[in-house]
Amino acid sequence: MATFFPCANHSEATFAAQLDELATRELREDAALREHSLGAMREWIRQNGRLRRCRTDDRFLLRFLRVKKFSVPRACEMLERYLTMRQSYPRWFARLDPDDVDLRQVLDACCMLPIGRDPSTGRIVVFGVVRNFDAQRFNSDTMIRLNMLVAEALLDEEPNQIAGFTHIFDNGGMTMAHVTCWTLDNLAGYLRSVGNCVPVRLKENHFVSVPTFAAQISKYCLSFASEKLRSRIHCHSTVEELRAKLPPELLPEEYGGAGPSLKTLNARFREFLASKKTILLELDDMEIDLKDPREAAVHEDVGEVVADGAVGSFRKLSID
């Protein structure tokens with residue numbers, strides 16, 4: 001299973017075996033279940049009148065099947081929510097072009113990028129440096145678009161679907177502008193809707209050097225999170241505390257690790273994004289009929305997407 005981001009100190013065969021073991025143990029995945037589930041999901045898409053255009057290739061559908069541990073009804077429901085979210089919030093999802101002027105600037109500033117793969121878990125590790133985001137120039141829409149660009153590009157690699165993601169955010173040097181650039185609508189919409197609609201297996205969140213003024217904001221954000229997500233959040237007072245939790249070859253050299261510099265890692269990520277540009281832009285070709293009588297309800301107060309039609313449509317489908 002090819003990947004642009006190999007596992008440090010692991011041969012290709014060792015990493016493949018690690019992924020097979022993870023898929024079996026955590027996702028119940030095997031060849032027979034995978035093929036049966038893909039066939040069932042494609043048939044559901046074919047019969048669903050709301051879905052006008054949708055990708056049906058293995059790699060795309062497996063995003064949803066794997067995050068829902070091969071429960072086909074739940075995977076179909078999430079796909080419908082995902083398409084509804086993409087179409088309801090084009091300012092976050094449309095034209096995720098790595099060569100877009102604004103996205104290029106925040107990418108070049110090393111605001112968020114993958115730094116490698118944790119050899120103990122196989123997970124892709126995404127590193128964010130909050131202070132590098134110019135909150136005087138850009139608002140939270142740009143920040144969300146950056147998150148979506150990174151997620152969509154990395155989800156196109158099957159190892160990331162299987163092993164999942166670890167996120168690390170360095171909050172040192174962040175200012176009130178990084179808080180006030182978020183509207184309540186965007187904050188609630190992102191936490192509730194995107195978290196329920198984007199098929200990412202987010203296994204760990206590490207926050208480093210969170211300033212005191214952000215503590216109450218963090219508590220507010222966590223009120224929208226599930227208990228499972230809250231259990232996966234880890235806070236570190238200093239970079240030294242973080243360093244004790246991660247293998248040295250994974251951390252960038254700016255953080256006392258043995259890895260390359262953020263600039264070098266970012267250049268490699270830009271190469272990866274260039275290889276995914278066509279796929280990222282073609283996501284806009286998918287379409288769901290939001291005026292269909294079975295339309296999912298989009299609550300304007302929090303931007304929460306509640307899909308009513310997916311499971312009901314699936315139950316009408318007879319699958320042996």
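**View 1. R145 and its surroundings in a predicted model.** The backbone oxygen of R91 lies 3.5 Å from a polar atom of the R145 side chain. A polar contact is a pair of N or O atoms within 3.5 Å; within protein, one must be able to donate a hydrogen and the other to accept it, and residues adjacent in sequence count only if both atoms are side-chain atoms. R145 is found in helix α7. Helices (H or I, at least four residues) and strands (E, at least two) are DSSP runs, numbered from the N terminus. R145 has a relative accessible area of 13%, so it is buried. Buried means under 20% relative accessible area, exposed over 50%, and partly exposed in between (1.4 Å probe, protein chains only). Leaving aside neighbours within four places in sequence, R145 is in contact with P90, R91, W92, F93, A94, R95, L96 and L103. Contact means heavy atoms within 4.5 Å. R145 and D102 are 43 residues apart in sequence and 9.8 Å apart in space, C-alpha to C-alpha.

This is a predicted model: local features need pLDDT of at least 70, side-chain atom pairs count only at pLDDT 80 or more, and totals for chains, interfaces and linings use all residues. Residues are numbered from 1 along each chain as its sequence is written, and side-chain values use heavy atoms, with hydrogens and water left out.

View 2. E152 is placed in helix α7. Its relative accessibility is 3%, so E152 counts as buried. The E152 side chain makes a polar contact of 2.7 Å with the side chain of R63. Setting aside neighbours within four places in sequence, E152 touches R63, Y82, R86, L96, L280 and L283.

**View 3. S140 in helix α7.** S140 also lies in helix α7. At 1% relative accessibility, S140 counts as buried. Beyond neighbours within four places in sequence, S140 is in contact with C181, W182, T183 and N186.

**View 4. The largest nonpolar core.** This core has 84 residues, and F60 and L79 have the most contacts inside it. A nonpolar core is a set of buried Ala, Val, Leu, Ile, Met, Phe, Trp, Tyr and Cys residues joined through side-chain atoms within 4.5 Å. Helix α7 (residues 140-155) gives the most to the core, with nine residues. The core draws at least three residues from each of domain 1 (22-92 + 285-290) and domain 2 (101-279). These bounds come from an automatic or database domain assignment. Neighbours within four places in sequence aside, L79 is in contact with M41, W44, I45, C54, F60, L61 and F64.

**View 5. Helix α3, mostly covered.** Helix α3 spans residues 58-67, and eight of its ten residues are buried. The buried residues are F60, L61, L62, R63, F64, L65, R66 and V67. Just after α3, K69 takes a positive phi of about 50 degrees.

**View 6. Cysteines without disulfides.** The disulfide count comes to zero, where a disulfide is a pair of cysteine sulfur atoms within 2.5 Å. C54 is in no disulfide; the nearest cysteine sulfur, that of C76, is 9.6 Å away. C54 counts as buried at 18% relative accessibility. C7 counts as buried at 4%.

**View 7. The whole protein, for context.** The protein has 15 helices and nine strands. Buried residues make up 53% of its 320 residues. Among contacts between residues at least 6 apart in sequence, 78% join residues at least 24 apart.
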